[in-house]
Amino acid sequence: MNLTLKIWRQKDANAKGGIQTYQLGGVDPDMSFLEMLDVLNQELIEKGDEPVVFDHDCREGICGTCSLQINGEPHGPDRGITTCQLHMRMFKDGDTITIEPFRAAAFPVIKDLVVDRTSFERIQQAGGYISVNTSGNTQDANSIPVAKDKADAAFYAATCIGCGACVAACKNASAMLFTSAKVSQMALLPQGEVEATRRVLAMVEQMDKEGFGNCTNTGACEIECPKGISLENIARMNREYLKASVK
Amino acid sequence: MAKSALLKSSLAKKYWMAFTGLFLCLFLVGHLAGNLQLLASGAGARDQFNEYALFMTTNPAVRVLSIVTFASILFHVIDGIILTVNNRKARPQGYVSFKPATNSKWSSRNMGILGTVILAFIVIHLINFWGEMKFGGLDNTVYTTASGEEVKDLYTLTVKTFQDPEMGLVWAVIYLVAMIAIAFHLYHGFGSGFQSLGVNHPKYNNFIRKTGVAFAILVPLAFAIIPFYIYFVLEKI
């Protein structure tokens, strides 16, 4: 496959970036998207050019490190996958592919396609945990019965890998799908219920502080989420927050 | 924290948007029920509508409701503007390529534009009727109530507006355009309101969605029929 790649290049956080066009030949349809970028970078290095910087780690869709807005969609045109699981067979020979970093005020660009997503971590740190005494007499988690439907819903919420595709897809750069998944995975379980009030208030407050937008229920996040995190979680967060606010 | 949370947080803005929006949906139902009386013909139609108008302008409970309605519209608009400004700020640098049509509906992404069209319509609509009733002269449109009191004849004012040989059809088309905007606004807004208030469960999600679609089609359609009915069908006065 021969491709035209339009890639966002930006020297550093303060530089003014821009789109640069590259021609890339010999792309195998069975390559993953990141392997295709590896090939491009190899060519750039051999030519003595600066390679394109992009985030990646596990390359099997579970770590949430890879990102990229590909042809106007986070993680590209395929559904239910991360960029590392996107294959070049989703594209045609001769295609032009536009590759940009995820865009949000709370996700500033560090270099080229890499953005700083520590705002997500600060939301987590604000309350996305349960306080457990780990001094040696920790109770076995299974000794507290959990209803099957609650356990399943909590588990689905917990599959969020925090990649930021929800923010990237949202026209308002809202982080409510992420935050609601992190609120839900705790709020649904008896262990998490204890701190539910404080948690949801603190996490939403941090989310607002980071400068994410507001949810207008377009549903784009749910469609683009590689893990299929449901809008039900946002509704649950809305309920939890309303309850916590009037307490 | 709890107190400021219900006023200032992002979620609070959503609650207010949803709450005022859903209240305005109720208002639409009430307003439509009253307006449908304009489809009546014959000798009693004028009396019936004017007695209804008299009740709506003099009853203290209706007065309270109308103040709440105006406040809701105002709140919905201001909240909407604040949310839009915040949301723009959340993405200062846009995408070169952005394809929202692949993952969301047009109406859900254009609530602000639709809302602006609706607001413009509300102003026009208020000038047409509310302003005339409140501040307009009594020329040729006096209605004598059952108790012998002379009030403005809203029925004649309405029918004459839409039967005007030059402007009648123009008004009807303007009203139709506004109702199309309301239809799209409701198509997203109705279900969105419930979601924002946390009302979401697989048991009744489908019911809310279907009710929302039916509401978004039927209510604006019924409103839009009235001006055309008056222009084309109702006997000329």
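These legends walk you through several close-up views of a predicted two-chain model.

Before you start, note that residues are numbered from 1 along each chain as its sequence is written, while chains are lettered from A and ligands numbered from 1 in the order in which they are written. Since the model is predicted, local features need pLDDT of at least 70 and side-chain atom pairs count only at pLDDT 80 or more, whereas totals for chains, interfaces and linings use all residues.

**View 1. Chain B as a whole.**
Chain B has nine helices and two strands; helices (H or I, at least four residues) and strands (E, at least two) are DSSP runs, numbered from the N terminus. Of the 237 residues in chain B, 30% are buried. A residue is called buried if 20 or more other C-beta atoms lie within 10 Å of its own, exposed if 12 or fewer, and partly exposed in between, with C-beta atoms placed from the backbone.

**View 2. How confident is the predictor?**
Chain B has a mean pLDDT of 93, and 96% of its residues reach 70 or more; pLDDT is the predictor's confidence in each residue, from 0 to 100. Within chain B, confidence is lowest in α1(B), with a mean of 65, and highest in α8(B), at 98. For the complex, the predictor gives an ipTM of 0.91 and a pTM of 0.94.

**View 3. Where chain B meets chain A.**
Here 37 residues of chain B are in contact with 40 residues of chain A; two residues are in contact if their C-beta atoms, placed from the backbone, lie within 7 Å. On the chain B side, α2(B) gives the most, with five residues. By class, that side has 15 nonpolar, 16 polar and six charged residues. In this scheme Ala, Val, Leu, Ile, Met, Phe, Trp, Tyr, Cys and Pro count as nonpolar, Asp, Glu, Lys and Arg as charged, and the others, Gly among them, as polar.

**View 4. The two domains of chain A.**
Chain A is assigned domain 1 (3–105) and domain 2 (117–132 + 144–246), with bounds that come from an automatic or database domain assignment. Taken over C-alpha atoms, the domain centres are 28 Å apart. Their contact takes 16 residues from domain 1 of chain A and 14 residues from domain 2 of chain A.

**View 5. The largest nonpolar core.**
A nonpolar core is a set of buried Ala, Val, Leu, Ile, Met, Phe, Trp, Tyr and Cys residues joined through C-beta atoms within 7 Å. The largest one has 78 residues, and Cys166(A), Val167(A), Ala175(A), Leu177(A) and Val200(A) touch the most other members. Helix α5 (residues 176–187) of chain A supplies the largest share, seven residues. Why does this core lie between domain 1 and domain 2 of chain A? Both domains give residues to the core, so it lies between them. Zoom in on Val167(A) and you will find that the residues it touches include Phe102(A), Ala104(A), Phe107(A) and Phe212(A).

**View 6. An open sheet in chain A.**
Five strands of chain A form an open sheet in the order β2-β1-β5-β3-β4, with mixed pairing; two strands pair if DSSP finds at least two bridges between them. At the edges are β2 (18–24) and β4 (73–74) of chain A, each pairing on one side only. Strand β3 (residues 69–70) of chain A runs antiparallel to β4(A), joined by two bridges. Look for Gln69(A), which stands opposite Pro74(A) in β4(A).

Terms used. Lists of a residue's contacts leave out its neighbours within four places in sequence.
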